[in-house]
Amino acid sequence: MVEEQGKDEKMNNSDEAVYLYCLGYTDSLPTLEGTGVDGNYCLKLQRLGDIVAVWSKVSLAEFCGEGAEIRLKDISWVGPRIHQHEAVVEQVMSHSPVLPTRFGTIFLSLASLKQFLKNNHDKVSQFLDQVVEREEWSVKGFLDRKKAKEERITLELSRQNETLSLLSPGKRYFQEQRIRSNVDKEFTLWLEGLCNTIAGDLNSYAANFSERQILSSEATGMDMDMILNWALLVPCEDVAAFRNLVEKANEKHDCHGLKFVLSGPWPAYSFCPTLET
């Protein structure tokens, strides 16, 4: 259960720090369960008016210094802690609109956390108002380029089949090669137009939209190229229709070598404001 901190509480010693998970509304967070990222310290609340910070103590040496640089590159050390960080944020998200902070957000004292809350109160409050009854959903698009180009070529050859049938074998061969070359040149424009259309359809259900970094095949583990990586802030009442639109896009464009992967809901990381530190 969360322990709320009195105004005079201090870290036990200089080896401890304040680890911040997220910010939410004071009135929406009665109790939380569990421990922080390291599994040793319980979760705590620091309130400032209508805003509350969810935090826990951590060992400062774990996150700062030469040894920390090595640990932060070790997935066996980082992975479970990132998972626990996300679990805390998602638990808060079930009670309140939430402004999530990134893994490893550290303050040296409660005093510095309180000052951070004071400096950013209005910006945080405005953001929380914007995400009330809204969820972040991720849409990633993947393309089988060979399949997509062959489908486009087949379609164009079919359209011109009557004209091609009237040509001699030699002329038909060269005309088919010209068609293939033209399709290859126009492929990027076709793909951009298709993605823009789908983005427009999805945006009709979204309160906000963000383009995220395109990842390599090594990072995604897919044998298809990632061509889009979108985050959309969707009102809860529109989530069902939004999901249905992605399903229909998959059904319609599978023959084009396109696949859309939907995931969520997530805390609204992609739409967080830049806060004064």
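## Basis and confidence

The model is predicted, so local features need a pLDDT of at least 70 and side-chain atom pairs count only at pLDDT 80 or more, while totals for chains, interfaces and linings use all residues. Residues are numbered from 1 along each chain as its sequence is written, and side-chain values use heavy atoms, with hydrogens and water left out.

The pLDDT is the predictor's confidence in each residue, from 0 to 100. The chain averages a pLDDT of 85, and 90% of the residues score at least 70. Helices (H or I, at least four residues) and strands (E, at least two) are DSSP runs, numbered from the N terminus. Where pLDDT is low, the predicted coordinates should not be read in detail.

## Helix α9

Helix α9 covers residues 239-253, which makes 15 residues. From its first C-alpha to its last it reaches 21 Å, close to the 21 Å expected at 1.5 Å a residue; the expected span is 1.5 Å times one less than the number of residues.

Five names make up the buried set of α9: Val 239, Phe 242, Val 246, Ala 249 and His 253. Seen down the axis of α9, these buried residues fall within an arc of 80°, so they line one face of the helix. The arc is taken from the directions from the helix axis to the C-beta atoms. Ala 240, Glu 251 and Lys 252 are exposed on the other side of α9. Here, buried means under 20% relative accessible area, exposed over 50%, and partly exposed in between (1.4 Å probe, protein chains only).

## Ser 96

Ser 96 sits in the loop between α3 (75-93) and β5 (98-100). Its relative accessibility is 4%, so Ser 96 counts as buried. Leaving aside neighbours within four places in sequence, Ser 96 is in contact with Gly 24, Tyr 25, Ser 28 and Leu 29.

A polar atom of the Ser 96 side chain lies 3.0 Å from the backbone nitrogen of Tyr 25. Ser 96 and Leu 23 are 73 residues apart in sequence, and their C-alpha atoms are 9.2 Å apart in space.

## Salt bridges

A search of the whole structure finds four salt bridges. A salt bridge is a side-chain nitrogen of Lys or Arg within 4 Å of a carboxyl oxygen of Asp or Glu. One of them joins Glu 62 and Arg 81, with the closest N and O atoms 3.7 Å apart. Glu 62 lies in helix α1 (residues 60-63) and Arg 81 in helix α3, so the pair ties together parts that are 19 residues apart in sequence. Arg 81 has 15% relative accessibility and counts as buried.

Arg 212 and Glu 136 form another salt bridge, with 3.9 Å between the closest N and O atoms. Arg 212 is in the loop between β8 (208-211) and α8 (217-220), and Glu 136 is in strand β7 (residues 134-143), 76 residues apart. Arg 212 is partly exposed at 42% relative accessibility, whereas Glu 136 is buried at 2%. The side chains of Arg 145 and Asp 225 also meet in a salt bridge, at 2.9 Å from N to O.

Terms used:
Contact means heavy atoms within 4.5 Å. A polar contact is a pair of N or O atoms within 3.5 Å; within protein, one must be able to donate a hydrogen and the other to accept it, and residues adjacent in sequence count only if both atoms are side-chain atoms.
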